[in-house]
Amino acid sequence: MAGNKGTGVIMHIKPVEVSMQLQDGEKFIKWDEDSGVATPVTLKVDKYGFYLHWVDQNNEMDMLDIAVIRDTRTGKYAKIPKDPKLKSLVTMGSQDSLEDKTVTICYGSDFVNMNFINFCTTRAEIAQHWAEQLFQMAYNLIQLNTSTTMFLLKAHTKLALTADKNEKIPVKNIIKMFAQNKDDRRRVEKALDISGFPSGKNDVIPLLKFQFEDFFNFYKSLTQRSDVEKVFEGIIGSNKRKLMSVSQFVDFLNKTQRDPRLNEILYPYANEARAKDIINQYEPNKCNANKGQLSLDGFLRYLMSEDNPIVAINKFELSDDMDQPLAHYFINSSHNTYLTGHQLTGKSSVEIYRQCLLAGCRCVELDFWNGKFDEPVIVHGYTFVPEICARDVIEAIAETAFKTSDCPVILSFENHCNPRQQAKIAQYCRDLFGEMLLDAPLESHKLEPGQELPPPSLLKRKIIIKNKKKHHHHHKKHQKKQQQGLDTVEGTPESETNGTMNPSAAGENGPPPDVIPQNEMDDAAPENEQQIGNGDISHPPMMQQRQGSKDSAQDDEDEEDESSTEDDESNVEDMKLRMGDKAPDKSAAKETEAGAEISALVNYVQPVHFSSFESAEKKNRMYEMSSFDEKQATTLLKERPLEFVNYNKHQLSRVYPAGTRFDSSNFMPQVFWNAGCQLVALNYQTLDLAMQLNLGIFEYNQRCGYLLKPEFMRRKDRRLDPFAESTVDGIIAGTVHIHVISAQFLTDKRVGTYVEVDMYGLPADTVRKKFRTKIVPNNGINPIYDEEPFVFKKVVLPELASIRIAAYEESGRLIGHRVLPVVGLCPGYRHVALRTECGQPLPLASLFLHVIVKDYVPDGLSELAEALANPIKYQSEVEKRENQLLVLTDCLEAPEEIEDKVKIGDASSTAKPVEEVVKAKRLQSIGELPSLLSTSSSLHGRPSIVGLGSSDTVDVEDDTPCSAVQSVDTSVNKSPVNASNISDEIVAESFEKLMENKLVREKKMELEKKLESLRKKHEKEKMRMMSQKTSVDGEKHRSKFYSNRLVKRLSSKAIFSSEVGLSTLATAETSECPENAEGDEGTRGLPRSHSERFLAVCKAHVQQERELQEKYYENLFTIVEKIMRASQSNQLKMLQVLLDRETADVKRKLQATRQGEVKQLAKVHKDKAELERIKREVAKSTVEKAVNECTRLTKIYDKKRAELERQHEEVRQRLEEERAKVKANLLAEYSSRYSKYESGELPLSPSGGASLPESCSENMY
């Protein structure tokens, strides 16, 4: 433990053991630098380890409460006199150095104002032993969190130490301990009289007659614990002997004092044996104890004992799993650690680094700047804050980093030094930290994408450097940026983008608006305003503010993101430059590029600019982290809460106070703990409410500075909304009742007091300034509050929630407080010892509470919870109620009907047709309808998606006649028939059904008429040709000319096409007429004989019929295709319409249910705030139910749509097959007719070939 040894001593959780060497005492010389006085004293510690006390040569005694000791130092870190004369006075004993023989004790009530007492002894080993022992006692967690009885023992020990040389205690010392004013002094004197002690000012009480038992009796007389007596009488009832039996005490232990959330196997119920043990331990009357009876005195002693703590003792032990990645912990963190006051005008201190680390802080900040003589300094840039030596700070960290916790320490460097001084900082780290410095990643956790950060257990006693990491490409990128001439303002880092939030780039500090130069007033303007141009502005005032760059090009380069971060304060050579008229150079305005030496020390905490959650997820580099000021982090939390929580599952994030907090005030850390932010950095020099909460939270888990985040904030498969108002999936909500009954020894002043009880957690769980007791006037000794309990009805996430109980004077001045985790809270009647603002025990001050903790049960489910807790009792109660109801109902309803009502969940369902009820049950049984919507298919006559009729389709497209498909009758919403028939599924219209459409039938009839007309025309033409056969030879030329003209006319209509059948026909005709082929070109292809001409005409007729049929069949299939597409489209639309209708029904019903619940709640809950919270909860629950129902309906819809589309595709394929089939049949049929005409199988008479071919007739649909 000794400073020069470098050995660490972690928090002790074992009972204090004071060595005989300390109890017997040792000769020391106590010296003081200011007075120059050296006094020989005998130094001792009482046997309980409460006080360090010393007696000088004049037998004058002085003491120091060991609980306020912050540090003990010996060796090189101990103070030695500067005055040579004083130094010679304190030097004595062996040849050991004066430092090794000196014990310096550091104590104080906060982190800034430290006091030092120095003792010199004869040998180094004596100093070493005393320093170690005192330090262990000062940080013993059992001693700090002891029982009310132990604090009474401490008060008695203090009085005993003030006894004079005759071993007598002056009465005035007793009165002084408890009272300052006249009235309270009289109360103390009266209590002394009642207890049988003298009460005069000058009286004394022999120490032998004022042992602890006597002092306890005096305590009872002074406090008059009527509050405990009331509880005691409530347990024993009307027992005249005023004694509690074993069975009554067992019931009290199990029903009142036991946590119902505990596992019965791991934490068994108390039995009579356990009750008797407690009675034997605390019952002062042994006769009662032997009979197994507990008196009021024994009951009070038990309630004040260590067996009845307010927080489970294991919460103070190292109870968290320390083998999780670093990102899975909340880490106690400090902001601008070097400051001891105001951000601009305060002072810097090396000592505060020690105090923060000793208090359990595991992340401290160091702002390095160039110092004189090439010696780096730590200072707040461009402020009046004096600088401190960087080496001294690094040395102080090396000495105290692991004295109270061996968990890793993160040093957050903000480096503005030149490369030479950066190299010096790196060398200091290596020299002073030695093996503690983690200068290379572990073999098991390499710096690779996807690799989780190492756990604290593997990083014990390691110091991790957080500094800009130099990458290979960085210098090149930097030169490129210089060439591009970025438009950066003086004193402005390059990292913040214009109009884009770049949290990690923003500075953490900055002066007030009145010291901002004119050319940098953009920071005071709205975020999205453009920066005012610079160059024409006069010189800035004495201090220069560092600003964020408005250049948006920074975020566009991913590699630059990797290589720089947190460009904060402008560089400065010395105070003259900071205070002078000349503005600093641009190159000095940002955090300088990391040097190779210091960059080599950076591994698991590499700061980078934050661009987006998506970018971070894509890179998947767990070792990269980003910093945000509170405003930027709040914006992220409000806009992307789920992503923020998920980001913090794998990567570290640091949140620090806004630069406008010049007074060093703090934001509420709970806000960012809710998002899983690990490093929530606070100003330790300000003990405001936020800092009190931080100290209270990190008091647990052995004060190691690391708290494991709840499981749902660590696992990838769990989802947490920081703004959740309803129960989070898998997490059991809790209910907490706090009944403030009384208080003891709050203050020695005669003032009124009151108590406030607040809860901090998720926004839904946070309750502030709501629960406050009445003011009890003029009583700081034993005020009785005893009003209605404060009820936190629903704590959504107990693991994140904590309760702060604070006592105040009526003026509002804080007396003391305590922060208690909801998860570790012990129910029952408990005493709570209060703490100071700094977390130190407040002597004697305590509150007496009745605490109830249990799992949250909604109002409507209280009977169910009762049934689960005691099913036999509940069943008997239900049967009893049912029998009572029979008198009123007289069995009017059959049991089956009652059962149907229960199943359907709607009181009006009995009025519906039986078929609908049965149908709803069937649908519900197969999972297609939720129980809430079991009759939705019949309500309001609206159809359900789960059953749709194929005939119910909507109108076709605008360009399609309405007769193409059947439209939906508007009466479907009213008609119960339509609603009941809707159970048939939508099925795609078959090809056959499409062919029966009216438009298709009309088109077929039109084709038949055209064919009939063409047939008649052909008959007439053939008859004319036949009549020409009997005409005279003089008419032969005319007939020939007519035929020639006919053939020409047919040729002009492209009778002879390129198709196979017609090509064959043309070839055949040419081969049959060789003479014509040799003749004139004008008559080529014309037959010479009458029969040949008649054959050509018949073939032309066949070709015309074929063209007609092909044309009409093509039109026919086009119409069918159009009808099919319209039908299919409307079926899909109908499916969507029904989905929308049913979704609207779901929302409407849920809304109606919500309104009903709200009305009922308004009747039950009179507390407006509680009612509003429950309303929000009901609203969110309604939304979740609606989302779930809509999701379920959408899944059904998607499934049916997929099936319908499959059927539609089958119909489309069938249509194409039929189209190809008809075309092939026509070609084959007419080719056959051609060949039959040529072979003579078909007669060339006028009736031959006039009718439609049979095969074609068969193919007509």
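The following conversation explains how some terms are applied to this predicted model.

Modeller: Because this is a predicted model, local features need pLDDT of at least 70 and side-chain atom pairs count only at pLDDT 80 or more, while totals for chains, interfaces and linings use all residues. Residues are numbered from 1 along each chain as its sequence is written, and side-chain values use heavy atoms, with hydrogens and water left out.

Colleague: Why is E399 called buried?

Modeller: Buried means under 20% relative accessible area, exposed means over 50%, and partly exposed lies in between, with a 1.4 Å probe and protein chains only. E399 has a relative accessible area of 5%, so E399 counts as buried. Of the 1261 residues of the protein, 53% count as buried.

Colleague: What makes E399 and R354 a salt bridge?

Modeller: A salt bridge needs a side-chain nitrogen of Lys or Arg within 4 Å of a carboxyl oxygen of Asp or Glu. The closest N and O atoms of E399 and R354 are 3.0 Å apart, so the pair meets that definition. E399 lies in helix α15 (residues 390-400) and R354 in helix α14 (residues 351-358), so the pair ties together parts that are 45 residues apart in sequence; helices here are DSSP runs of H or I with at least four residues, and strands are runs of E with at least two, numbered from the N terminus. R354, at 11% relative accessibility, is buried as well, and both residues belong to a network of salt bridges that also links D71, R73, E351 and K403.

Colleague: What makes the link between the side chains of S199 and D193 a polar contact?

Modeller: A polar contact is a pair of N or O atoms within 3.5 Å, where, within protein, one must be able to donate a hydrogen and the other to accept it, and residues adjacent in sequence count only if both atoms are side-chain atoms. The two side chains make their contact at 2.8 Å, so the distance is within the limit. S199, at 17% relative accessible area, is buried and is found in the loop between α7 (182-194) and β9 (204-206).

Colleague: How many disulfides are there?

Modeller: A disulfide is a pair of cysteine sulfur atoms within 2.5 Å, and a search of the whole structure finds zero.
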